[in-house]
Amino acid sequence: MVSPVQSRGSSNYAYSVARVRAMKSKLLPKETYARLVNMKIDEIIRFIEESEYKQDVDELARTYDGIDLIEHALNKNLASTFTKIINFTNGELNYILTEYLKDYDIWNIKAILRGKYYGAPVDEIKESLVAAGQLSYGKLSALAEKDSEDDVIEALQNTQYYIILKEYEKGQLWKIENLLDHMYYSSLFQTLGSTKISDRRHFMKFIRTEIDIKNITLLMRLKKYGTIDAEKSADLMIAGGLELGLAEIEKLLPLSFEELLQSLEKYSYWNAIADIADPNIDSLTDLETQLTKYSLRTAGSFSHEYPLSIAPIMDYILNKKNEIRNLRIIVRGKASNLSEELIKNQLVI
Amino acid sequence: MVGEELTTMDPSGLKAIGAGLAVGLAGIASGLGEKDIGTAAVAAMTEKEEMFGKGLIMTVIPESIVIFGLVVALLIK
């Protein structure tokens, strides 16, 4: 067996980076979002049907229509794009990205379990599936068709998630979800963490920034709207952040929202939110948007700093995810008749 | 003596070896350069067909090293 610290062979940087950069140039430009927000729902759907998503929309057009069609097409496109990246990368690059995209397996398992728990229709569960990880869409949709959470868990017996899933008790879904998230990050640290291989170090920097941003967002939400006790909140925090380790987070947990904002001043993330951070702020959307923008900006500058490494690929993955998220917000927002202003505030451009 | 004749090398032979090395090594070096640029060009072309022209030009840029090698080889001759 190859030890976790050993490299998985040489990577095809020239090919992968050039291809990913060409793919990035095909992402929607910033101006498009402003235009899309001003369009009517039918126009938006037509726009998406004629864009890069054409093939996915065409393939699904027989089964779905309207917003459901767009939702499925966006998910399908995300999954096929990431699968494509996995297929054209080699060696170490491929290994790291495969580990990273296991995130989607966890997302899908969580979505299916949640759907089953609340008795959602199978179609609705399938709408939120993104088969970008190791589990194929066929397998996932078969899981979504199962009758209960227990049947789903039973069918996942041969996966690495079963150790956690078998502990599931009715009504305690949040515990399982939290454990799965922790498992994902701890296995990333275990397989890719302590090493001198430069790509893994670059990659871990992305992951650790992601953890920081997740923790900060969660802390802000808990403090602003929080009703759960400190012990339960501590369980939700993810270890391994770049600037905020668990020890720092423990110090932040008992603080009020105002004190939390003050304490954040000493971290680099503060620059991103300094202008709008106000203890009396109504909604956290702006703060969260700014933090996401910050992570995208960091990824961008990192990809220029290390042009022939995993950095440009991670930059693309983050930007692609963001594009899909933005399009979904616009489509869903328009379908629910939200105001243009409200939709614009949610977008990360 | 027979032994002395065998150890003396013909200068034109050495020249030919030098010229061969100049072209050969320059060829290997530009090949190495073109390998990465070529794969990158193909990658970019897969996503955007209009990159064909630019890709082709970029791919042949290291070819100039071989031309330098060839010039040196001709000078040696």
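Predicted model: local features only at pLDDT ≥ 70, side-chain atom pairs only at ≥ 80, totals over all residues.
Good morning. Residues are numbered from 1 along each chain as its sequence is written, chains are lettered from A and ligands numbered from 1 in the order in which they are written, and side-chain values use heavy atoms, with hydrogens and water left out.

Let me return to that pair of helices. Helices here are DSSP runs (H or I, at least four residues), as strands are (E, at least two), numbered from the N terminus. The axes are lines fitted to C-alpha atoms, for helices over the stretch in contact, and the angles run from 0 to 180 degrees between N-to-C directions.

Which residues make the contact? From helix 1 of chain A they are A14(A), Y15(A), A18(A), R19(A), A22(A) and M23(A), and from helix 2 of chain B they are D36(B), T39(B), A40(B), V42(B), A43(B), A44(B), T46(B) and E47(B). Contact means heavy atoms within 4.5 Å. These residues divide into 9 nonpolar, 2 polar and 3 charged; Ala, Val, Leu, Ile, Met, Phe, Trp, Tyr, Cys and Pro count as nonpolar, Asp, Glu, Lys and Arg as charged, and the others, Gly among them, as polar.

Helix 1 of chain A also packs within its own chain. Its axis and that of helix 19 of chain A come within 9 Å and cross at roughly 25°, and the two helices are therefore roughly parallel to each other. This crossing is left-handed. Here S16(A), V17(A), V20(A), R21(A), M23(A) and K24(A) of helix 1 meet P312(A), I313(A), D315(A), Y316(A) and N319(A) of helix 19.

I turn now to helix 3 of chain A, residues 41–49, in which I44(A), I45(A), F47(A) and I48(A) are buried. Buried means under 20% relative accessible area, exposed over 50%, and partly exposed in between (1.4 Å probe, protein chains only). Why do they lie on the same side of helix 3 of chain A? They cover an arc of only 160° around the axis, taken from the directions from the helix axis to the C-beta atoms. Among the elements covering them are helix 2 (30–38), helix 4 (54–60), helix 5 (66–88) and helix 19 (311–335) of chain A.

With helix 5 of chain A, helix 3 of chain A makes a left-handed crossing, the axes coming within 11 Å at roughly 35°.

Finally, one loop residue. N337(A) lies between helix 19 and helix 20 (340–346) of chain A, and its phi is near 60°, a positive value in a residue other than glycine. N337(A) is exposed, with a relative accessible area of 70%. Thank you.

How values were computed
Parallel < 35°, antiparallel > 145°, perpendicular 65-115°, else oblique. Left-handed = near helix turned anticlockwise from the far one by under 90°.
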